Amino acid sequence: MNKQRAAIELAKHLILITFLMLILFPIFYIISISLNPIGSIGSDIIPKDLSWTHWRYILGLPYTDGVTGEVKISSFPMLIWLFNSIKISVITAMLMLFLSTTSAYALSRFQFKGKKLSLLTLMIVQMFPNIMAMVAFYLMLDFIGQYVPELGTDTHGGLVLVYLGMTPFNIWLIKGYFDTIPKSIEESAIMDGCTRFQAFYKIVIPLSTPILAVVALLTFINTFSDFILPSIILKTQDKLTFAVGIQIFVSEAFSNRWGQFAAASILGAFPISAIFLCIHKYIVGGLTVGGSKG
Amino acid sequence: MISFKNIFTLFILSLGLFIVYKLLSQGYLLLGLVTTCLWALTTVIFLVKGAFPYRFMYPGLITFFLFMVIPILFTIYISFTNLGTGHLLSLERVKEILLLEKHTLENTPSYNFHLYPQTDTLFLIHVYNEDEQENFLGQFDISKENKSVNLKPVAQPEFIKSPFSRGEVFTHFDSLSEINFSVPERPPVKIASTNYMASIINRYELKENDKIIDMVTQTLYWPDYTSGYYTDGKENITPGFFVNVGFSNFLKLFTNKSMKKPFAKVITWTLLWSCCSVLLTFCLGIFLALFVNSKHFKGKFIYRILIIIPYSIPFFISVLIFKGLYNKDYGIINDIVFYFFNYKIDWLGNALWAKASCLLVNLWLGFPYMFLITTGILQSIPNSVYEAASLDGAGKFLTFRKITLPLVMSAVAPLLVGSFAFNLNNFVGIYLLTAGGPPMMEASTPVGETDILISYTYRLAFEGGRGQDFGMASAIALIIFIIIAFLTLINFKLSGMLNEKR
């Protein structure tokens with residue numbers, strides 16, 4: 001009986017491992033390609049020799065061209081794209097945190113006219129992803145840009161503005177967490193002479209650091225991974241985000257840039273993937289409230 | 001008491017006042033009024049004691065309103081217009097542009113000129129005609145309103161100072177081009193370029209009811225509010241302006257011969273794609289969850305992390321990787337297929353295979369999500385339920401069908417609807433893999449076999465080639481809105497959110 005159970009266990013492990021190998025194959029393959037000096041689309045699974053040339057290419061270091069043997073520097077500003085993406089995502093995450101925390105606090109603690117209506121609107125609107133209004137966003141930024149050039153089309157400021165509309169989901173997430181913090185703590189602080197606002201940022205905010213971190217990281221990931229809005233709004237090569245830049249880079253000449261693309265995609269995916277794996281438990285908890293990705 | 005808060009409030013309020021002033025002084029009445037209202041609201045909220053809760057709500061709500069609610073309303077508005085290439089401007093702007101259009105009269109004398117600055121604003125103009133050796137002089141003050149300047153015939157003049165360069169003339173060009181120069185016994189001329197003068201008239205003149213008349217051909221044009229052009233019945237003047245076209249965009253989608261069929265195909269594929277994506281990912285996800293979460297199974301934690309790796313990578317990267325793997329001639333997938341079947345599949349070029357490829361990639365991207373949520377739900381089912389079932393003599397399959405599945409389904413149903421809504425708008429999953437292609441042959445708009453509604457919207461609005469059609473794109477976006485609204489309603493019913501969360 002015990003032996004049979006062990007056999008079943010072993011079989012299960014074997015099945016699962018085979019499945020995982022199949023699933024994770026593209027990732028191994030990409031890592032292998034990024035180190036393969038040939039780097040064309042039909043490269044072998046296991047490279048015959050290894051080289052850092054694709055990595056040098058995407059990091060803007062001098063590299064040896066595979067065909068001509070010249071030493072060159074890439075004309076594609078990959079690192080700038082990556083930096084743009086990180087900059088936009090960090091700014092969006094920070095602003096988003098400010099906007100949604102205060103609103104969530106009001107919705108969680110105060111009674112006021114229009115509260116029910118606000119909650120209902122937020123709940124309904126969070127179901128609509130903002131990319132559906134992409135035409136409107138484009139035209140609005142075009143209009144704003146005539147007066148405030150820093151916030152028009154082809155600017156990072158404009159892109160961040162567009163992302164800020166996505167507060168409802170985060171408000172919900174944070175409000176849910178605030179609801180679990182007992183009101184009595186703040187009330188006693190107010191008794192002791194705290195103002196409401198002090199109670200908010202000296203007591204409630206520190207107590208909810210976990211959820212705030214998750215919201216910030218989630219916003220960061222979603223902004224970083226967004227493709228459609230930056231592809232509409234940004235035009236200049238040096239202003240592109242990583243997602244748009246890499247798509248243009250690779251679709252111009254797919255088979256020749258396969259190796260460089262592999263290296264670049266690892267560079268872009270690794271940090272995001274690492275963050276995601278660290279916070280995936282919270283994300284799933286949060287997703288049972290709304291639903292952003294998936 | 002001067003505190004950080006007071007200074008901040010003061011700063012915001014004065015900034016608002018400045019913006020209002022700027023807008024109103026530049027003549028943007030409507031925009032100025034809206035901003036004034038916003039500013040007044042801000043003032044009330046930050047200065048009235050009773051409005052205290054709104055101070056917390058205010059920043060979030062305003063951005064939400066400006067960048068979510070207004071864009072949605074704006075999308076609805078655009079969907080009822082013909083806004084797009086050739087119709088990007090309002091009637092007012094088009095009228096302004098046409099009225100500024102200049103026309104150089106043929107068979108009239110033209111001249112060259114030099115401009116000599118006397119003082120900062122006082123200019124001497126030397127007009128000459130090289131063929132006939134004629135010279136004229138005139139003087140004017142550029143800072144004053146010069147409607148016309150009389151030129152006097154002179155003998156070949158000589159100057160001490162050097163004239164303005166063409167670049168310097170250009171810096172004053174706007175005011176210079178306004179001036180009428182009258183030449184004795186000749187038609188008056190205007191400055192046409194930085195060294196050239198000719199008889200120039202305004203091409204169009206404004207008549208009653210926004211009509212304009214062509215001064216050269218004496219034809220009367222009137223704005224046609226259905227086509228969005230100035231027209232004389234036969235010919236249209238470009239650029240056109242955007243007009244309200246009512247339900248025409250929607251009617252086109254459902255009745256126009258060359259749009260109806262592709263649109264039906266797109267909408268069918270969109271729904272099919274979402275359904276299949278949800279079903280496939282859910283089946284694989286729950287299967288894996290049951291597999292990994294069974295009792296006494298070792299290494300759960302490691303397996304769990306490995307399984308969610310595909311989901312943790314940004315979608316745009318995974319999809320682009322798969323695009324390479326699917327490559328018909330060199331891709332690794334076709335290498336394997338060729339090894340076994342001695343045949344290469346055109347993964348992204350054939351309509352059916354392209355759809356299958358999209359679904360396969362989406363399965364790869366999405367199953368870890370389903371795995372994660374079902375794992376969470378399975379763990380929340382208390383063990384006593386299973387014990388009771390096994391005491392009653394229920395087998396493994398019966399337990400799954402009668403206990404696990406119903407419990408999981410009731411918890412997961414709203415998430416499945418959410419996932420359906422997400423895939424409905426899964427632009428990256430389609431566009432980065434196939435770019436919508438392979439193209440549909442019979443269509444008059446840029447549309448392909450794997451296009452879903454959102455990628456169709458994108459291509460209509462932003463993919464050049466055949467021009468941008470913002471109106472039609474917004475109409476399709478509105479149809480997605482309606483589908484999502486319907487799904488939201490279902491979701492609220494399923495999760496009972498409407499009753500609980502108030």
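Helices (H or I, at least four residues) and strands (E, at least two) are DSSP runs, numbered from the N terminus. The structure is a predicted model, in which local features need pLDDT of at least 70 and side-chain atom pairs count only at pLDDT 80 or more, while totals for chains, interfaces and linings use all residues. Residues are numbered from 1 along each chain as its sequence is written, and chains are lettered from A and ligands numbered from 1 in the order in which they are written.

In chain B, helix α13 spans residues 383-391 and is hardly covered, with 0 buried residues among its 9; a residue is buried if 20 or more other C-beta atoms lie within 10 Å of its own, exposed if 12 or fewer, and partly exposed in between, the C-beta atoms being placed from the backbone.

Strands are taken to pair if DSSP finds at least two bridges between them. Strand β2 of chain B (residues 111-117) is antiparallel to strand β3 of chain B (residues 122-129), to which 6 bridges join it. The two are connected by a hairpin of 4 residues, and B:Pro117 has B:Phe123 in β3(B) as its bridge partner. β2(B) also pairs in the antiparallel sense with strand β9 of chain B (residues 196-198), over 2 bridges. Here B:Asn112 lies opposite B:Tyr196.

An automatic or database domain assignment supplies the domain bounds. For chain B these give domain 1 (4-79), domain 2 (91-99 + 204-237), domain 3 (102-202) and domain 4 (252-495). The centres of domain 1 and domain 2 of chain B, taken over C-alpha atoms, are 39 Å apart.

In chain A, helix α10 (residues 209-225) contains 17 residues and reaches 24 Å from its first C-alpha to its last. This is close to the expected 24 Å at 1.5 Å a residue, where the expected span is 1.5 Å times one less than the number of residues. Among the buried residues of α10(A) are A:Ile211, A:Leu212, A:Val214, A:Val215, A:Leu218 and A:Phe224.

The contact between the chains takes 69 residues from chain A and 68 residues from chain B, two residues being in contact if their C-beta atoms, placed from the backbone, lie within 7 Å. On the side of chain A that touches chain B, helix α13 of chain A (residues 258-287) gives the most, with 11 residues.

Confidence is expressed as pLDDT, the predictor's value for each residue from 0 to 100. Chain A has a mean pLDDT of 85, and 93% of its residues reach 70 or more. Residues 287-294 of chain A have pLDDT below 50, and this stretch has 19 contacts in the model beyond near neighbours in sequence.
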